[in-house]
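Biologist: I am new to this structure and would like to learn how to read it. Could you take me through it feature by feature?

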Amino acid sequence: MKVGDDVYEVMSRFRMEFLNTVRRCTIKRDIGVITAGGESYGPFQTGHQVELPNWLVDILLQRDVIELAPEDAYDSVLRIQNLYNTERNYPRELHNSIPSKYLYVALAQKIRRLRRDMTSLDPKTFDEIERIEKLAEFLRDVRLTKILRVAHAGITQEKMRRMTVEEKWLCEELNALLSEWRTASLNAT
């Protein structure tokens with residue numbers, strides 16, 4: 001029996017959606033025109049604020065030519081720590097402080113970016129990767145308990161608004177599985 005889509009396929013779809021959404025950033029130094037996939041971006045001048053797709057943000061962050069706008073740097077260690085603390089302080093409810101609808105994918109993408117060139121990583125970067133991984137795991141586990149509670153008690157629009165895209169999918173899958181199990185358990189033959 002299979003309730004829904006394969007988790008890896010779904011997460012892959014969410015990753016593609018995330019990579020094509022935009023984030024605001026500030027240009028740190030002049031950049032000429034960038035052409036990729038038939039699209040042209042730029043030229044950009046130092047100090048300008050622009051919105052760029054996350055796939056390009058990823059490349060430009062790696063080359064240290066942009067800086068994310070503070071409100072769009074939702075994958076920073078400090079933001080994740082604050083989010084985790086908030087979630088931990090409200091153990092019975094999903095808090096409405098999730099900064100991105102693709103938070104888990106964004107965190108995985110950041111870890112991937114930081115790990116790309118393991119030969120040039122300094123100890124600070126290793127430390128940052130480790131901290132993000134641990135915080136992401138803690139945050140995921142705290143929210144998972146809440147998502148399970150919502151899936152069991154019943155999904156409401158208000159509760160769904162407080163979830164990331166990944167969490168909504170999981171909640172709906174769990175709710176369908178629980179509903180099917182409830183029906184089957186009372187009609188067991």
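Modeller: We go from the whole chain to single residues. This is a predicted model, in which local features need pLDDT of at least 70 and side-chain atom pairs count only at pLDDT 80 or more, while totals for chains, interfaces and linings use all residues. Residues are numbered from 1 along each chain as its sequence is written, and side-chain values use heavy atoms, with hydrogens and water left out.

Biologist: How many helices and strands are in the protein, and in what order do the elements run?

Modeller: Helices (H or I, at least four residues) and strands (E, at least two) are DSSP runs numbered from the N terminus. Here the protein has seven helices and five strands. From the N terminus on, their order is α-β-β-β-β-α-β-α-α-α-α-α.

Biologist: What box do the C-alpha atoms fill?

Modeller: Along the principal axes, the box is roughly 70 × 40 × 35 Å.

Biologist: How do I read contacts, and what share of them is between residues 24 or more positions apart?

Modeller: A contact means heavy atoms within 4.5 Å. Among contacts in the protein with a separation of 6 or more, 64% are between residues 24 or more positions apart. Leaving out residues up to four places away in sequence, A69 touches R24 and C25. A69 itself lies in the loop between β5 (66-68) and α3.

Biologist: Is A69 buried or exposed?

Modeller: Buried means under 20% relative accessible area, exposed over 50%, and partly exposed in between, with a 1.4 Å probe and protein chains only. A69 is buried because its relative accessibility is 4%. C25 also counts as buried, at 0%. Across the 189 residues of the protein, 37% count as buried.

Biologist: How many disulfides does the structure hold?

Modeller: A disulfide is a pair of cysteine sulfur atoms within 2.5 Å. The structure holds zero disulfides. C171 is a buried cysteine, with a relative accessible area of 0%.

Biologist: Where is S100 found, and which residues does S100 touch?

Modeller: S100 sits in the loop between α3 (77-89) and α4 (103-115). Not counting residues up to four places away in sequence, S100 touches Y74 and T164. The side chain of S100 also reaches the backbone nitrogen of Y102 at 3.1 Å. S100 counts as buried because its relative accessibility is 8%.

Technical notes
A polar contact is a pair of N or O atoms within 3.5 Å; within protein, one must be able to donate a hydrogen and the other to accept it, and residues adjacent in sequence count only if both atoms are side-chain atoms.
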